[in-house]
Each structure stands twice: as C-alpha cells, then as structure tokens.
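User: I am new to reading protein models. Could you walk me through a few features, one at a time?

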Amino acid sequence: MGRSALQLDMFTALVECGAAMLLLGILFVILWSQDRQSKWLLWWSAPYFFAAIAALLFVKWQDPPTIASTSISNSALFLTFGFVWQATRVFGRRPVVLWPLGVAIILWVGPCFWPPYLVNLPLRVVVSSIIAAGFLSMAAFELWRERAEQLPSRNAAVIVLGLGSAVFAVRVPLVGLAPFPLGGLPIDGTVLAVFTLILFAIGVSLTVLMVSMTKERGEQEQRQFALSDPLTGLLNRRAFLTQAQRLLRRQKSMSQPLSLLILDLDHFKQVNDRYGHETGDRVLVKFAAVLEANVRPMDKVYRMGGEEFCCLLPGAMLADGYAVAQRICDEFQASSVEAMGTQIRATVSIGVASTEVVGYEVDALQASADAAVYEAKARGRNLAVMAAHKTNEVALLQQSIARRLKA
C-alpha cells in the first residue's frame with residue numbers, strides 16, 4: 001500500500017507538472033502573438049513545451065532503463081534547459097547559438113549505447129547534472145551580463161536561475177548519499193515528486209519574472225521615447241529639465257564641479273532655405289554624431305530644439321569644458337554633408353559655463369552659458385567662449401531672453 005501511494009505521488013506530480021508546463025508554454029505563445037516585437041516570448045515557450053514532453057516521457061519510464069527511455073526523456077530535459085539559455089540570449093538581443101544543445105544531446109545519447117553506462121545510475125546522474133547546471137548557469141550569466149539595462153525583476157530572475165543550477169549541481173556530491181533523482185541511490189517516488197515540484201516552482205517563478213521584465217522593458221522604452229529626440233536620438237529638452245537639477249544636486253553633495261555647454265549652429269536657417277529641410281536634418285544628425293564622439297560616456301547630450309544643443313559634463317571644470325567645446329568646433333567645421341552635388345559645411349558657436357563660477361543653480365548656469373553663446377555669435381561665430389568669472393545673474397537672464405526673442 002505504501003509503495004502504491006509513492007507511485008501515485010510520483011505519477012500525479014509528473015502529470016500535473018507536465019500539464020502546467022504545457023499551459024505555460026501556450027501562455028508565452030499567446031503573449032508573443034499580442035506583442036510580436038518581443039520575440040523572446042516565443043523563445044521562452046520552447047523550454048516549457050520540452051519540459052512537458054520530458055514529464056510525459058518520465059511517466060512512461062522503464063526500469064531497468066532502456067536506450068530509448070533513457071536517451072529520449074533526458075534529451076527532452078536537456079533541451080528544456082538549453083532553450084532557457086537561448087531564451088535569455090534572445091531577451092538580451094544576442095544571437096541564437098544552437099550547437100551547444102546538439103553537443104549536449106550527443107554527449108548524453110552516445111554513452112547510452114554502452115551497457116555499463118546505461119545501468120550505472122550514479123554516473124548518469126553526475127553527467128546529467130553537469131549538463132543541466134551548466135545550461136542554467138549560462139542562462140543566469142546571460143541575464144546578469146545585461147544588467148546595465150536596469151530592470152527591477154532582473155536580479156530576482158538571475159537568483160532563480162542560479163537556484164535552479166544549484167539544485168542540479170548539488171546532486172553531484174549527493175550521488176552516493178540520496179535516492180534518485182536527488183542522488184544516485186535507487187529511485188524514491190516521494191523524492192521524485194518533491195524534486196519535480198521544486199522544478200515546477202522554478203518554472204513558474206521564471207514565467208512571472210520574464211513577463212515582469214518584458215513589461216518593465218516596454219515601460220522603460222516608452223519613457224526613453226518620451227525623453228528622446230526622434231531625429232538625432234539624443235535626449236530632448238524634457239530630459240534636460242528632468243535630469244539637470246538632479247545631476248547638479250549630486251555634484252554639489254560631492255563637492256564636484258560640472259560644466260554646461262550650450263551649442264547653437266551658425267546660420268542654420270540659411271542651410272534650410274538654400275538646400276532644404278532634409279539637408280538641414282542631415283546636418284543636425286551629423287552634428288549630433290560629432291557631439292557624441294567628443295564627450296565621455298558619463299556626459300549627457302541633449303537637443304534642446306531646432307539647432308540648439310547642450311551638454312552636461314559632470315566633474316569637468318571650466319577649462320575642461322572649454323577644451324571639449326573647442327574640439328567640437330574644430331571637428332564639426334572639418335565635417336561635411338553632401339547635398340545637391342556639393343559638400344555642405346556648417347559651424348557652431350558654443351558657450352561654456354561651470355559651477356565653479358556660477359554655482360549649482362540650473363537657471364543661473366544656463367543663463368551664463370547662454371550669454372557666452374551670445375558673445376560667441378557677436379565675435380564672429382564658429383568659436384567657443386567661456387562665461388565670465390564675475391557675472392550679474394539678472395543681466396545674464398535678460399541677455400538670454402533677448403537672444404531667444406531675436407532668434
């Protein structure tokens with residue numbers, strides 16, 4: 001009676017787990033059909049379908065094991081974990097690499113034709129554990145390596161994958177101490193049922209976390225779209241207003257300087273009038289590329305509107321900001337855009353202000369840099385000008401307003 005109960009527990013756990021995996025796989029297909037851009041959702045369905053197949057095959061397990069039962073059921077299990085790895089690669093926008101899955105299956109199926117290996121349960125447990133733990137560890141690494149994309153659910157998913165890898169890795173030291181499937185001693189129905197439920201819990205957790213990460217990525221992309229200039233791909237004025245004050249507070253708390261560059265293309269209206277707005281757009285895109293090529297990854301670059309841009313350079317003193325501005329002037333003047341059979345060249349005037357002179361108020365810093373741009377225009381354009389060391393904030397604001405009205 002006890003043995004029958006154990007067999008019933010094992011049978012029930014495998015069937016219920018397989019059915020649940022099948023439903024989760026279908027769920028991912030449905031989610032993908034509603035969001036075809038998120039192709040990783042379709043890839044995430046594959047592990048669940050293979051898990052359902054593996055569970056069904058283990059229900060039909062034969063003892064003593066045969067080549068067919070051992071090789072096919074475990075191959076389905078390895079494909080489950082292999083496709084978990086592939087799905088994380090697709091989520092990280094990396095190419096699919098299927099050959100390791102084929103190698104894993106060959107490494108498993110090949111020895112199954114050798115009778116001593118086929119009947120050696122402890123050895124099979126060690127080999128299968130290494131393959132499964134390896135795939136899950138690689139999946140955890142794939143998610144971890146893309147951590148620069150800050151998704152709140154990412155760390156939890158890495159942990160769950162790490163736990164899954166640990167569940168299989170611990171079977172190696174327990175191979176001679178615990179019953180199958182936790183170790184290599186004769187199979188125990190209760191242990192198999194518990195082990196299956198643990199894997200089921202990991203699968204459900206990954207489902208929730210992957211759906212959460214997909215939603216978080218979508219929300220993040222929407223926010224990024226709202227803060228980006230569609231033409232140049234740079235951050236826009238809204239992003240500047242959102243980020244500048246926060247960045248200044250951080251620099252002030254660390255007693256670190258920050259320089260602001262305001263950049264205004266010279267005679268840009270003439271470019272549009274003579275060569276057309278399409279050419280003007282190409283000039284703007286070219287200038288954005290020059291800007292990004294001459295600042296550090298930590299710097300922030302914005303298109304404020306029209307032909308006006310600005311850069312926030314944390315940690316840069318006034319002289320540092322001026323050096324960057326002068327380099328931008330020189331490189332942009334040397335660049336060109338082809339239109340109507342000729343090379344179109346443009347120049348830029350740049351005003352440079354720094355917190356070491358003006359302080360950590362956004363309005364004062366911006367007004368100071370605006371005044372320096374106005375001076376650069378008055379002095380002939382195509383140059384960078386540093387804001388005066390002693391400034392009257394009211395006068396600067398008036399100059400800034402007058403300049404904007406005149407533009």
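Analyst: We start with contact. Contact means heavy atoms within 4.5 Å. Keep in mind that this model is predicted.

User: Which residues is V90 in contact with, leaving aside its neighbours within four places in sequence?

Analyst: V90 is in contact with K39, W40, W43 and V96. V90 itself lies in helix 3, residues 67–91.

User: Is V90 buried or exposed?

Analyst: The cut-off for buried is under 20% relative accessible area. V90 has 4%, so V90 is buried.

User: How far is V90 from A193 in sequence and in space?

Analyst: In sequence, V90 and A193 are 103 residues apart. In space, the C-alpha to C-alpha distance is 32 Å.

User: Now a loop residue. Where does S38 lie?

Analyst: S38 is in the loop between helix 1 (2–34) and helix 2 (40–59). Its relative accessible area is 6%, so S38 is buried. Beyond the neighbours within four places in sequence, S38 is in contact with W32 and T214.

User: And where does S228 lie?

Analyst: S228 sits in the loop between helix 8 and strand 1 (235–236). With a relative accessible area of 17%, S228 is buried. Not counting residues up to four places away in sequence, S228 touches L234, L235 and N236.

User: Let us move to helices. What describes two packed helices?

Analyst: Two values do: the angle between their axes and the distance between the axes. Take helix 4 (residues 99–112) and helix 6 (residues 121–145). Their angle is about 175°, and their axes are 11 Å apart.

User: What does that angle tell me about helix 4 and helix 6?

Analyst: Angles over 145 degrees count as roughly antiparallel. Helix 4 and helix 6 are therefore roughly antiparallel to each other.

User: Which residues in helix 4 and helix 6 meet?

Analyst: Helix 4 brings P100, L101, A104 and W108. Helix 6 brings R124, V127, S128, I131 and F135. By class, this contact has seven nonpolar residues, one polar and one charged.

User: How do the axes of helix 3 and helix 6 cross?

Analyst: They cross at roughly 10° and come within 7 Å. Under 35 degrees counts as roughly parallel. So helix 3 and helix 6 are roughly parallel to each other. Among the meeting residues are F78, F81 and W85 in helix 3, and I131, F135 and L136 in helix 6. The contact of helix 3 with helix 6 divides into twelve nonpolar, four polar and four charged residues.

User: Next, rings. What describes a pair of aromatic rings?

Analyst: The distance of the centres and the angle of the planes. This structure holds 14 aromatic pairs. One of them is F168 with F195: the centres are 5.7 Å apart and the planes are at 85°, so the pair is edge-to-face.

User: Which parts does the pair of F168 and F195 tie together?

Analyst: F168 lies in helix 7 (residues 154–169) and F195 in helix 8 (residues 189–226), so the pair ties together parts that are 27 residues apart in sequence. Both F168 and F195 are buried.

User: Which residues do ring pairs link into a cluster?

Analyst: F28, W44 and Y48.

Definitions and conventions: Residues numbered from 1 in each chain as written. Predicted model: local features only at pLDDT ≥ 70, side-chain atom pairs only at ≥ 80, totals over all residues. Heavy atoms only, no water. Axes fitted to C-alpha atoms, helices over the stretch in contact; angles between N-to-C directions. Helix = DSSP H or I, 4+ residues; strand = E, 2+ residues; numbered from the N terminus. Parallel < 35°, antiparallel > 145°, perpendicular 65-115°, else oblique. Nonpolar A, V, L, I, M, F, W, Y, C, P; charged D, E, K, R; others polar. Phe/Tyr/Trp six-rings, centres within 6.5 Å; stacked < 30°, edge-to-face > 60°. Buried < 20%, exposed > 50% of the residue type's maximum accessible area, 1.4 Å probe, protein only.
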